[in-house]
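User: I want the terms for this structure tested against their values. Please start with the contacts.

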Amino acid sequence: MEHVYIESYGCQMNFADSEVVAAILIKEGYAMVQSAEEADFILINTCAIRDNAEQRIRKRIRELQALQNRHPQLRIGILGCMAERLQSQLMVEAENVSFVVGPDAYRKMPEILRQVREGMKAAETELSTVETYADIEPVRMNSNGISAYISIMRGCQNYCAYCVVPYTRGRERSRDPETIVNEARNLFAKGYKEVTLLGQNVNSYKWKSDAEEVGFPELMERVAQVSPLLRVRFATSHPKDLSDRLLEVMAKYDNICKCIHLPVQSGSDRMLKLMNRHYDSAWYLDRIAAIRRYMPDCSITTDVIAGFCTETEEDHQATLEMFRKVRYDYAFMFKFSLRPNTYAEKHLQDDISEAEKTRRLEEIIALQGEIALENNKQEIGRRYEVLVEGESHRSKEQLFGRNSQNKVIVFDRENVQPGEYVTVEVTDCTAATLKGKLVS
Ligand code: SAH
Ligand code: SF4
Ligand code: F3S
């Protein structure tokens, strides 16, 4: 039996894809292993979103050369977004790479591994307009047995000016809702307590068949109805498509988690237009107000980019102002990285110096740190239902879990087991974590 090791980088979609790849290979008789040392094939599922993501993977490929010197039969393959972006060029760049497989070609993996075993090199990077891997039940790897991802759609065609995803993941397509609900049901039957529905823009989920038309709110409702004990989350929402209908559904079901990730990218209307985001700051703030209206206890998180093409100090200040207005619970904050083939690369100037990008990013990080701490301090004294995920990293005597708002809460374990729901009262906090005590 041949052994396969998969290493995943990038977003949750990539981690979910690795579980599809594992399912395809296990069905063909391969065994998945937990370390590169045991493997005959190493698969690296890559991300291309920023240049530093790609540099990290290039470094990892070079590092693996030493292992290959010791195990000459070992073959390395590159999967995912960087594979799609660079295709067979990757095998020229890195001679120790034997195969390259894009995100829509994973069904070809068994055939590719056969060719590679016979000493050939292979590249399969064709994108599809229909592939959703709907019929493949992912094999959960490195899972805590409590929460799992479910891909509900693939691709993106929003063409934000900075973003490579439309080029690496192809056209947007939605997966048959019945297969999604079945996957959620199967997970719940196996003891899972939380599913996260994944897509680049879940609000544009749309399934059409002769019998029905299903949008994202209807899909959420169907998944929420699997069981009141199954928590449902989703990522990511594009602000332009966040509907009141979805907020209504979220408010209606206790098991739909009260947490929305709504990437703002910038607080400046000029930047948002240049980024091709199809909303302005007023629209975005209206959506925030709508969230708070339907769900006063909903947490809100975001993504932001510092130093996009032509960003002025005034634009940057508008982003800081947006952060002050919304008061996010968490933010993923990035320096702009110019990506090949994007609108920005073809038509704009990456004219903000690295030092200036760093300064602006650090200002946003500092402000967000203050806001997160202030938000968390307000949590002290509140009680939450927490889904327990495991032992705290600091101490075996403590467990950690998340509340519906996706905030991590640490508490003394007593007789509680991972996978249980418990009520915890918040007693203390840092900017990143809440501490609490069990309420009997
Ligand atoms: N589909 C999601 C985002 C996926 S990429 C959405 O539209 O909300 C995750 C985040 O990476 C983006 O929200 C953006 O903030 C960041 N990002 C994407 N391209 C980038 C680039 N070229 N440079 C810096 N950050 C980038
Ligand atoms: Fe990229 Fe925009 Fe699509 Fe998100 S919506 S994946 S940022 S193009
Ligand atoms: Fe990266 Fe591809 Fe996700 S570029 S962020 S792994 S869709």
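Analyst: A polar contact is a pair of N or O atoms within 3.5 Å; within protein, one must be able to donate a hydrogen and the other to accept it, and residues adjacent in sequence count only if both atoms are side-chain atoms. By that rule, 5 residue pairs are in polar contact across the interface of domain 1 and domain 2, both residues at pLDDT 80 or more. This is a predicted model, where local features need pLDDT of at least 70 and side-chain atom pairs pLDDT 80 or more, while totals for chains, interfaces and linings use all residues. Residues are numbered from 1 along each chain as written, chains are lettered from A and ligands numbered from 1 in written order, and side-chain values use heavy atoms, without hydrogens and water.

User: What makes these parts domains, and where do they run?

Analyst: The bounds come from an automatic or database domain assignment. The chain is divided into domain 1 (3-124), domain 2 (143-257), domain 3 (290-378) and domain 4 (383-438).

User: How do you know that domain 1 and domain 2 are in contact?

Analyst: Contact means heavy atoms within 4.5 Å. 14 residues of domain 1 meet that test with 15 residues of domain 2. The two centres, taken over C-alpha atoms, are 27 Å apart.

User: What area is buried between domain 1 and domain 2?

Analyst: About 1300 Å², with 56% from carbon and sulfur atoms. Buried area is the accessible area (1.4 Å probe) that two parts lose on being put together, summed over both.

User: Why is the pairing of Arg169 and Asp17 called a salt bridge?

Analyst: The term needs a side-chain nitrogen of Lys or Arg within 4 Å of a carboxyl oxygen of Asp or Glu. Arg169 and Asp17 meet at 2.8 Å, N to O, so the pair qualifies. The rule finds 4 salt bridges across the interface of domain 1 and domain 2. On the domain 1 side that touches domain 2, the elements giving two or more residues are α1 (12-27) and α3 (80-86). The largest share, 6 residues, comes from α1. Helices (H or I, at least four residues) and strands (E, at least two) are DSSP runs, numbered from the N terminus.

User: What puts a residue in the shell around ligand 3?

Analyst: One of its heavy atoms must lie within 4 Å of the ligand. Cys11, Asn14, Cys47, Ala48, Ile49, Cys81, Val165, Arg169 and Gln200 surround ligand 3. Domain 1 and domain 2 each give at least three residues to this shell.

User: What makes a residue of the shell around ligand 3 nonpolar, polar or charged?

Analyst: Ala, Val, Leu, Ile, Met, Phe, Trp, Tyr, Cys and Pro count as nonpolar, Asp, Glu, Lys and Arg as charged, and the others, Gly among them, as polar. The shell around ligand 2 has 7 nonpolar, 3 polar and 1 charged residues.

User: How do you know that Gln265 makes a polar contact with ligand 1?

Analyst: An N or O atom in the side chain of Gln265 is 2.7 Å from an oxygen atom of ligand 1, so the pair passes the distance test. A polar backbone atom of Ser337 is 2.7 Å from a nitrogen atom of ligand 1. For a backbone N or O atom of Tyr162, the distance to a ligand 1 nitrogen is 3.0 Å.
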